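Here is a short briefing on a predicted model. Keep the sequence and the 3D view open while you read.

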Amino acid sequence: MVSFSKKVKKELEKVNSFGRHCNIAELAAMMECCSERIEKKEEKLECLVLQTENISVSRRAFWLIEDIFKICAKIIVRRRKKVFVYTLVLEGTKTVQIVMETLKLKQQISPSGSLFLYTDHLVVQNTCCKRAFIRGAFLSVGSVADPEKTYHLEMVFLNDILAQQLQTIMNSFEVEAKIISRKHYYVVYLKEGSQIVELLNIMQAPIALMELENVRILKEVRNSVNRKVNCETANIQKTVTAASRQIQDINYIKNTVGLEYLTEGLEEIAQLRIDYPDATLKELGDLLCPKVGKSGVNHRLKKLCSIAEVLREKEGKSEMITKKITIQIPAGLEARPVALLVQVASQFESSIYIECGKKRVNAKSIMGMMSMGLPEGEEIVVVIEGVDEKEAMENIEKYLCGK
């Protein structure tokens, strides 16, 4: 299957430039990005080599050289592992000099000490030439991810001078290109879908642009639907959870003190909530006589929850109990006895702690109890607090005493 990046390059290969000056700008970008070797003899350039693995780039570069200079570059095709490498060679001191002067190419040395070609800003003075230069750079060292997966376009350079040059040209079109260093390379990239669409328009790739826009529209519609569904699901879940909690509180009041304990307004809304568990606040308000708004219904239901909480606190009030117990389990509290103790303690709602000296550990924590290392005959203090504290103390004592 052909990648989206290859589709874009195949389309760019067929673009007709506005004039010779645009062709010069595009070829200059290609020479900057793909010049593999520069051979000298007595300070004179004798050979320029442009190398690429993309056949679209090689065809485009060959056509541009022929169109601008009316010469045919020498083409060498080699197989490297699983890919073909296309090499365009320009030979002869005079030919190389004409190409260098026409493309305004200069030799520079990068911070790492390698020699590279850099084109003068005069080549990209016109807007159309800037478009052509970006197109040439993308054809040579660019790639764009499949928009179905993610939005990402990048161009990779060997040094930051070339990367900054392209970034400046792209930013002149109000495209916010960024640079990141990746290993020994410098990457000029775009991450936003709208920015990539704009760049495709700049490079004159309308078919790829429309394909990307179609994907963007589908994604936006899909995301919008998902957001609405998630929002509605969350609201339904919230309503169901709130109604369930309200019914639990009302039933608790009913079973402890009875609904007669409530005021007339609270008793009425409590009975309606039990009768209509799935009703919304607005629907409950409409069932009241006289009708009450959503805020009024919500206030009454909150009041019922507060009453149920107070009743629970009164019922659940307890005092902490402590007791000294001597461990009578053979071999003390080792792995299996500790696991059984934790199992016994976990049956109760009350908080249960074991104290020995300055150490205090939760009896429901197997790791905490293991760290105590309590032997047979050790005296400990058991501290329990909660609604079922007495029953818990009886069971803990029974286990520790080996009964």
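Asn-23 is buried in this predicted model. Its relative accessible area is 5%, and the cut-off for buried is under 20%, so the residue falls in that class. Asn-23 belongs to helix H2. Leaving aside neighbours within four places in sequence, Asn-23 contacts Ser-17, Trp-63, Leu-64, Asp-67 and Ile-68.

**Nonpolar cores**

- The largest nonpolar core has 68 residues. Within this core, Ile-134, Met-155 and Met-170 touch the most other members.
- Helix H2 (residues 20-34) gives the most to this core, with 10 residues.
- What does Met-170 touch, not counting residues up to four places away in sequence? The list is Ile-134, Met-155, Val-175, Ala-177, Val-188, Leu-190 and Leu-199.
- As background, nonpolar side chains tend to be buried together in soluble globular proteins.

**Helix H1**

- Helix H1 spans residues 4-13 and is mostly covered. Of its 10 residues, 7 are buried.
- The buried ones are Phe-4, Ser-5, Val-8, Lys-9, Glu-11, Leu-12 and Glu-13.
- Which elements do the buried residues of H1 pack against? Four are helices: H3 (55-69), H5 (127-141), H7 (193-202) and H8 (206-256). Strand E7 (142-144) is also a partner.

**A nonpolar surface patch**

- Ile-217, Val-221, Val-225 and Val-229 form a nonpolar patch on the surface. Together they have about 330 Å² of accessible area.
- Val-221 sits in helix H8. Its relative accessible area is 49%, so Val-221 counts as partly exposed; exposed would need over 50%.
- In an α-helix, residues three or four places apart point the same way, because there are 3.6 residues a turn.

**Cysteines**

- How many disulfides does the structure hold? The number is 0.
- Cys-33 is in no disulfide. The nearest cysteine sulfur is that of Cys-34, 6.0 Å away.
- Cys-33 is buried, at 17% relative accessible area.
- Cys-47 is in no disulfide either. For Cys-47, the nearest cysteine sulfur is again that of Cys-34, 15 Å away.
- Cys-47 is buried, with a relative accessible area of 6%.

**Backbone features in loops**

- The peptide bond from Cys-289 to Pro-290 is cis, with omega near 0°. Pro-290 lies in the loop between helix H10 (281-287) and helix H11 (294-316).
- Glu-174 is not a glycine, yet it has a positive phi of about 60°. Glu-174 is in the loop between helix H6 (160-171) and strand E9 (178-182).
- Is Glu-174 buried or exposed? Its relative accessibility is 70%, so Glu-174 counts as exposed.
- Lys-183 also has a positive phi, near 55°, in a residue other than glycine. Lys-183 lies in the loop between E9 and strand E10 (185-190).
- Lys-183 is exposed, with a relative accessible area of 77%.

Terms used. Residues are numbered from 1 along each chain as its sequence is written. This is a predicted model: local features need pLDDT of at least 70, side-chain atom pairs count only at pLDDT 80 or more; totals for chains, interfaces and linings use all residues. Side-chain values use heavy atoms; hydrogens and water are left out. Buried means under 20% relative accessible area, exposed over 50%, partly exposed in between (1.4 Å probe, protein chains only). Helices (H or I, at least four residues) and strands (E, at least two) are DSSP runs, numbered from the N terminus. Contact means heavy atoms within 4.5 Å. A nonpolar core is a set of buried Ala, Val, Leu, Ile, Met, Phe, Trp, Tyr and Cys residues joined through side-chain atoms within 4.5 Å. Patches are made of residues with over 30% relative accessible area and no salt bridge: like charges are joined within 9 Å, nonpolar side chains (Val, Leu, Ile, Met, Phe, Trp, Tyr) within 5 Å. Accessible areas come from the Shrake-Rupley method with a 1.4 Å probe; for residues, only the protein chains shown count as cover. A salt bridge is a side-chain nitrogen of Lys or Arg within 4 Å of a carboxyl oxygen of Asp or Glu. A disulfide is a pair of cysteine sulfur atoms within 2.5 Å.
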